[in-house]
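Hello,

Here is the structure I promised to pass on.

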Amino acid sequence: MNQKRLLTIQDISCVGQCSLTVALPILSAMGIETAILPSAVLSTHTGGFKNFTFRDLTDDLPGIKNHWKEQGIRFGAFYTGYVGSARQLDYILDIVNETGTEGAKLIVDPVMGDHGRLYVGFDNCFVERMKQFCAKADVILPNITECAFMLGEEYRQTGHTMEYVEHVIEGLRKIGAKNIVMTGVEMNDREQGVAVYNDETGKISTYFREKVPGVYHGTGDIYSSVFSGAYFLGKSLEESARIAVDFTVSAIKTTEGDNAHWYGVRFEKVLGELTYLAKE
Ligand code: PXL
(Lines give C-alpha, C1' and ligand atoms only; values in the text may rest on other atoms or scores of the structure.)
Protein backbone atom coordinates (compact mmCIF):
# COMPACT_ATOMS: atom_id res chain seq x y z
CA MET A 1 0.00 0.00 0.00
CA ASN A 2 1.21 3.50 -0.84
CA GLN A 3 2.24 5.08 2.46
CA LYS A 4 2.87 8.53 0.96
CA ARG A 5 -0.55 9.82 1.81
CA LEU A 6 -1.50 12.87 3.84
CA LEU A 7 -4.61 13.03 6.03
CA THR A 8 -6.18 16.41 6.62
CA ILE A 9 -8.75 16.82 9.38
CA GLN A 10 -10.98 19.89 9.30
CA ASP A 11 -14.60 20.80 8.66
CA ILE A 12 -16.55 20.82 5.45
CA SER A 13 -18.08 24.27 5.13
CA CYS A 14 -20.23 23.43 2.11
CA VAL A 15 -20.13 27.02 0.84
CA GLY A 16 -17.52 29.65 1.64
CA GLN A 17 -14.09 28.66 0.27
CA CYS A 18 -12.41 27.57 3.48
CA SER A 19 -11.23 24.44 5.29
CA LEU A 20 -11.63 21.23 3.26
CA THR A 21 -12.95 22.97 0.15
CA VAL A 22 -9.58 24.74 -0.12
CA ALA A 23 -7.27 22.11 1.42
CA LEU A 24 -8.25 19.28 -0.90
CA PRO A 25 -7.87 21.13 -4.22
CA ILE A 26 -4.63 22.76 -3.07
CA LEU A 27 -2.99 19.53 -1.90
CA SER A 28 -4.23 17.72 -5.02
CA ALA A 29 -2.76 20.42 -7.27
CA MET A 30 0.55 19.83 -5.49
CA GLY A 31 0.37 16.17 -6.52
CA ILE A 32 -0.29 14.83 -3.04
CA GLU A 33 -2.64 11.94 -2.38
CA THR A 34 -4.90 13.49 0.21
CA ALA A 35 -7.32 11.69 2.50
CA ILE A 36 -9.88 13.77 4.36
CA LEU A 37 -11.60 13.44 7.69
CA PRO A 38 -14.39 16.00 8.14
CA SER A 39 -14.53 17.21 11.74
CA ALA A 40 -17.97 18.76 11.18
CA VAL A 41 -20.28 19.66 8.33
CA LEU A 42 -21.62 23.21 8.14
CA SER A 43 -23.86 24.71 5.48
CA THR A 44 -21.42 27.67 5.31
CA HIS A 45 -18.50 28.90 7.36
CA THR A 46 -19.30 30.90 10.48
CA GLY A 47 -17.62 34.14 9.47
CA GLY A 48 -20.48 36.31 8.28
CA PHE A 49 -23.25 33.94 7.19
CA LYS A 50 -26.27 33.81 9.51
CA ASN A 51 -28.15 30.70 10.71
CA PHE A 52 -25.66 28.17 9.37
CA THR A 53 -26.22 24.48 10.14
CA PHE A 54 -23.56 22.60 12.12
CA ARG A 55 -23.21 18.84 12.44
CA ASP A 56 -20.45 17.77 14.77
CA LEU A 57 -18.84 14.50 13.61
CA THR A 58 -16.83 13.84 16.81
CA ASP A 59 -18.60 10.57 17.52
CA ASP A 60 -17.82 9.22 14.04
CA LEU A 61 -14.05 9.49 14.52
CA PRO A 62 -13.35 6.30 16.54
CA GLY A 63 -15.28 4.10 14.09
CA ILE A 64 -13.50 5.65 11.10
CA LYS A 65 -10.14 5.10 12.79
CA ASN A 66 -10.97 1.47 13.57
CA HIS A 67 -11.97 0.80 9.97
CA TRP A 68 -8.72 2.31 8.69
CA LYS A 69 -6.72 0.17 11.11
CA GLU A 70 -8.58 -2.95 10.01
CA GLN A 71 -7.78 -2.14 6.40
CA GLY A 72 -4.12 -1.40 7.11
CA ILE A 73 -4.54 2.20 5.97
CA ARG A 74 -1.68 4.44 7.08
CA PHE A 75 -0.76 8.10 6.66
CA GLY A 76 2.60 9.75 6.07
CA ALA A 77 1.53 13.08 7.59
CA PHE A 78 -1.40 14.75 9.33
CA TYR A 79 -2.60 18.31 8.91
CA THR A 80 -5.39 19.56 11.15
CA GLY A 81 -7.48 22.72 10.90
CA TYR A 82 -10.89 23.68 12.28
CA VAL A 83 -11.96 21.07 14.80
CA GLY A 84 -15.62 20.63 15.77
CA SER A 85 -15.19 20.03 19.52
CA ALA A 86 -12.48 19.91 22.19
CA ARG A 87 -13.19 16.18 22.73
CA GLN A 88 -12.25 15.61 19.11
CA LEU A 89 -8.64 16.59 19.82
CA ASP A 90 -8.14 13.41 21.87
CA TYR A 91 -9.59 11.26 19.09
CA ILE A 92 -7.32 12.98 16.58
CA LEU A 93 -4.27 12.15 18.69
CA ASP A 94 -5.38 8.48 18.72
CA ILE A 95 -5.62 8.58 14.92
CA VAL A 96 -2.14 10.11 14.65
CA ASN A 97 -0.62 7.58 17.06
CA GLU A 98 -2.33 4.55 15.59
CA THR A 99 -2.34 5.22 11.84
CA GLY A 100 0.85 7.25 11.26
CA THR A 101 3.79 5.71 9.46
CA GLU A 102 7.27 5.92 11.01
CA GLY A 103 8.23 9.59 11.37
CA ALA A 104 4.81 10.89 10.25
CA LYS A 105 4.58 14.58 11.07
CA LEU A 106 1.64 16.33 12.75
CA ILE A 107 1.04 19.84 11.41
CA VAL A 108 -1.53 21.81 13.42
CA ASP A 109 -3.25 25.00 12.43
CA PRO A 110 -4.92 25.87 15.77
CA VAL A 111 -7.94 27.43 14.05
CA MET A 112 -9.87 29.34 16.72
CA GLY A 113 -10.14 32.97 15.71
CA ASP A 114 -8.94 35.98 13.78
CA HIS A 115 -8.84 39.78 14.04
CA GLY A 116 -8.58 39.62 17.84
CA ARG A 117 -11.68 37.49 18.39
CA LEU A 118 -12.49 33.81 18.76
CA TYR A 119 -14.77 32.37 16.07
CA VAL A 120 -18.40 31.66 17.03
CA GLY A 121 -18.58 28.50 19.17
CA PHE A 122 -15.06 28.67 20.66
CA ASP A 123 -14.27 29.54 24.28
CA ASN A 124 -11.33 29.66 26.69
CA CYS A 125 -11.81 26.03 27.59
CA PHE A 126 -11.23 25.11 23.93
CA VAL A 127 -8.15 27.37 23.87
CA GLU A 128 -6.70 25.41 26.83
CA ARG A 129 -7.26 22.07 25.08
CA MET A 130 -5.79 23.43 21.86
CA LYS A 131 -2.65 24.49 23.75
CA GLN A 132 -2.16 20.91 24.93
CA PHE A 133 -2.76 19.66 21.40
CA CYS A 134 -0.18 22.09 19.99
CA ALA A 135 2.41 20.60 22.35
CA LYS A 136 2.05 17.30 20.47
CA ALA A 137 2.54 18.85 17.04
CA ASP A 138 5.72 18.94 14.96
CA VAL A 139 4.70 22.28 13.45
CA ILE A 140 2.04 24.78 14.53
CA LEU A 141 0.66 27.57 12.35
CA PRO A 142 -1.12 30.08 14.62
CA ASN A 143 -2.19 33.52 13.47
CA ILE A 144 -1.61 36.53 15.73
CA THR A 145 -5.06 36.19 17.32
CA GLU A 146 -4.50 32.53 18.14
CA CYS A 147 -1.06 33.35 19.57
CA ALA A 148 -2.61 36.01 21.81
CA PHE A 149 -5.34 33.66 23.09
CA MET A 150 -2.90 30.81 23.69
CA LEU A 151 -0.63 33.11 25.69
CA GLY A 152 -3.55 34.79 27.48
CA GLU A 153 -2.39 38.18 26.26
CA GLU A 154 -3.92 41.16 24.55
CA TYR A 155 -4.20 41.03 20.75
CA ARG A 156 -1.90 43.36 18.82
CA GLN A 157 -3.22 43.97 15.34
CA THR A 158 -0.09 45.50 13.85
CA GLY A 159 3.28 47.03 14.70
CA HIS A 160 4.73 43.62 15.59
CA THR A 161 8.36 44.28 16.46
CA MET A 162 11.01 41.57 16.44
CA GLU A 163 10.92 41.73 20.26
CA TYR A 164 7.19 40.94 20.15
CA VAL A 165 7.76 38.02 17.77
CA GLU A 166 10.51 36.63 20.00
CA HIS A 167 8.29 37.04 23.07
CA VAL A 168 5.40 35.15 21.43
CA ILE A 169 7.66 32.37 20.20
CA GLU A 170 9.17 31.99 23.65
CA GLY A 171 5.66 31.80 25.14
CA LEU A 172 4.53 29.18 22.64
CA ARG A 173 7.68 27.14 23.26
CA LYS A 174 6.89 27.22 26.99
CA ILE A 175 3.54 25.64 26.15
CA GLY A 176 5.49 22.88 24.40
CA ALA A 177 5.38 23.96 20.75
CA LYS A 178 8.32 22.84 18.58
CA ASN A 179 8.45 24.37 15.09
CA ILE A 180 6.31 27.50 14.85
CA VAL A 181 5.02 29.46 11.88
CA MET A 182 3.34 32.65 13.11
CA THR A 183 1.09 34.08 10.40
CA GLY A 184 -0.30 37.59 9.95
CA VAL A 185 2.86 39.29 11.22
CA GLU A 186 2.91 43.01 10.40
CA MET A 187 5.97 45.02 11.36
CA ASN A 188 4.73 48.03 9.40
CA ASP A 189 1.53 48.89 7.56
CA ARG A 190 2.89 48.10 4.08
CA GLU A 191 3.85 44.47 4.54
CA GLN A 192 2.45 41.29 5.96
CA GLY A 193 4.05 37.89 6.39
CA VAL A 194 5.25 35.17 8.69
CA ALA A 195 7.82 34.49 11.40
CA VAL A 196 9.25 30.99 11.49
CA TYR A 197 10.89 29.39 14.51
CA ASN A 198 13.01 26.40 13.56
CA ASP A 199 13.29 24.05 16.51
CA GLU A 200 16.37 22.34 15.09
CA THR A 201 18.46 25.46 14.55
CA GLY A 202 16.85 27.59 17.27
CA LYS A 203 16.64 30.44 14.73
CA ILE A 204 13.78 32.77 13.85
CA SER A 205 13.38 33.93 10.26
CA THR A 206 10.76 36.15 8.65
CA TYR A 207 9.28 36.53 5.18
CA PHE A 208 7.11 39.45 4.11
CA ARG A 209 5.17 40.48 1.02
CA GLU A 210 3.19 43.59 0.20
CA LYS A 211 -0.01 43.89 2.24
CA VAL A 212 -3.15 43.85 0.10
CA PRO A 213 -5.79 46.13 1.66
CA GLY A 214 -9.03 44.47 2.79
CA VAL A 215 -10.19 41.49 4.82
CA TYR A 216 -10.05 38.10 3.10
CA HIS A 217 -11.74 35.06 4.56
CA GLY A 218 -10.25 31.56 4.37
CA THR A 219 -6.75 32.74 3.62
CA GLY A 220 -5.40 31.11 6.80
CA ASP A 221 -6.63 27.76 5.48
CA ILE A 222 -5.09 28.44 2.08
CA TYR A 223 -1.80 29.31 3.77
CA SER A 224 -1.73 26.22 5.99
CA SER A 225 -2.71 23.89 3.14
CA VAL A 226 0.12 25.10 0.89
CA PHE A 227 2.58 25.04 3.79
CA SER A 228 1.58 21.49 4.76
CA GLY A 229 1.85 20.27 1.18
CA ALA A 230 5.26 21.82 0.59
CA TYR A 231 6.59 20.51 3.92
CA PHE A 232 5.24 17.04 3.18
CA LEU A 233 7.00 17.17 -0.19
CA GLY A 234 10.29 17.65 1.63
CA LYS A 235 10.80 21.42 1.44
CA SER A 236 12.38 23.02 4.50
CA LEU A 237 10.26 24.77 7.10
CA GLU A 238 11.44 28.17 5.84
CA GLU A 239 10.93 27.42 2.15
CA SER A 240 7.49 25.91 2.78
CA ALA A 241 6.56 29.06 4.71
CA ARG A 242 7.69 31.27 1.79
CA ILE A 243 5.92 29.22 -0.89
CA ALA A 244 2.74 29.48 1.15
CA VAL A 245 3.03 33.28 1.58
CA ASP A 246 3.56 33.76 -2.16
CA PHE A 247 0.57 31.62 -3.09
CA THR A 248 -1.67 33.26 -0.48
CA VAL A 249 -0.80 36.71 -1.85
CA SER A 250 -1.64 35.52 -5.39
CA ALA A 251 -4.93 34.08 -4.15
CA ILE A 252 -5.83 37.32 -2.35
CA LYS A 253 -5.06 39.37 -5.46
CA THR A 254 -7.70 37.41 -7.44
CA THR A 255 -10.32 38.99 -5.21
CA GLU A 256 -8.73 42.34 -4.36
CA GLY A 257 -11.34 45.07 -4.12
CA ASP A 258 -14.22 42.71 -4.99
CA ASN A 259 -16.57 43.46 -2.10
CA ALA A 260 -19.32 41.23 -3.52
CA HIS A 261 -17.06 38.24 -2.94
CA TRP A 262 -16.71 38.94 0.79
CA TYR A 263 -16.79 35.31 2.01
CA GLY A 264 -13.58 33.96 0.47
CA VAL A 265 -10.98 34.37 -2.27
CA ARG A 266 -10.94 32.98 -5.80
CA PHE A 267 -7.87 30.81 -5.21
CA GLU A 268 -9.09 28.42 -7.93
CA LYS A 269 -7.95 30.94 -10.55
CA VAL A 270 -4.31 30.62 -9.46
CA LEU A 271 -4.14 26.94 -8.46
CA GLY A 272 -1.94 26.37 -11.51
CA GLU A 273 0.86 28.22 -9.68
CA LEU A 274 1.24 25.17 -7.44
CA THR A 275 1.33 22.40 -10.02
CA TYR A 276 5.10 22.71 -10.59
CA LEU A 277 5.46 21.13 -7.15
CA ALA A 278 3.69 18.00 -8.40
CA LYS A 279 6.29 17.59 -11.14
CA GLU A 280 9.46 18.04 -9.09
O1 PXL B 1 -11.20 29.62 7.88
C2 PXL B 1 -11.33 29.12 9.14
C3 PXL B 1 -12.69 28.51 9.34
C4 PXL B 1 -12.85 27.15 9.12
N5 PXL B 1 -14.03 26.55 9.30
C6 PXL B 1 -15.11 27.25 9.69
C7 PXL B 1 -15.01 28.61 9.91
C8 PXL B 1 -13.78 29.26 9.74
C9 PXL B 1 -13.65 30.68 9.98
O10 PXL B 1 -14.57 31.38 10.24
O11 PXL B 1 -16.09 29.30 10.29
C12 PXL B 1 -16.41 26.55 9.88
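In Cys125, the sulfur lies 15 Å from the closest cysteine sulfur, that of Cys134, which is too far for a bond. Likewise, the sulfur of Cys14 has its closest cysteine sulfur in Cys18, 10 Å away and too far for a bond. A search of the whole structure gives 0 disulfides (pairs of cysteine sulfur atoms within 2.5 Å). Cys14 is partly exposed, at 45% relative accessible area (between the limits for buried, under 20%, and exposed, over 50%, using a 1.4 Å probe and protein chains only).

Please bear in mind that this is a predicted model: local features need pLDDT of at least 70 and side-chain atom pairs pLDDT 80 or more, while totals for chains, interfaces and linings use all residues. Residues are numbered from 1 along each chain as its sequence is written, and side-chain values use heavy atoms, without hydrogens and water.

Now to the ligand. There are 13 residues around the ligand, and Asp11, Ser13, Thr46, Tyr82 and Asp221 come nearest (a residue counts as near if one of its heavy atoms lies within 4 Å). By class, this shell has 5 nonpolar, 6 polar and 2 charged residues.

- Asp11 has a side-chain N or O atom 2.8 Å from a ligand nitrogen.
- Thr46 has one 2.7 Å from a ligand oxygen.
- Asp221 also has one 2.7 Å from a ligand oxygen.

Best wishes

How values were computed
A polar contact is a pair of N or O atoms within 3.5 Å; within protein, one must be able to donate a hydrogen and the other to accept it, and residues adjacent in sequence count only if both atoms are side-chain atoms. Ala, Val, Leu, Ile, Met, Phe, Trp, Tyr, Cys and Pro count as nonpolar, Asp, Glu, Lys and Arg as charged, and the others, Gly among them, as polar.
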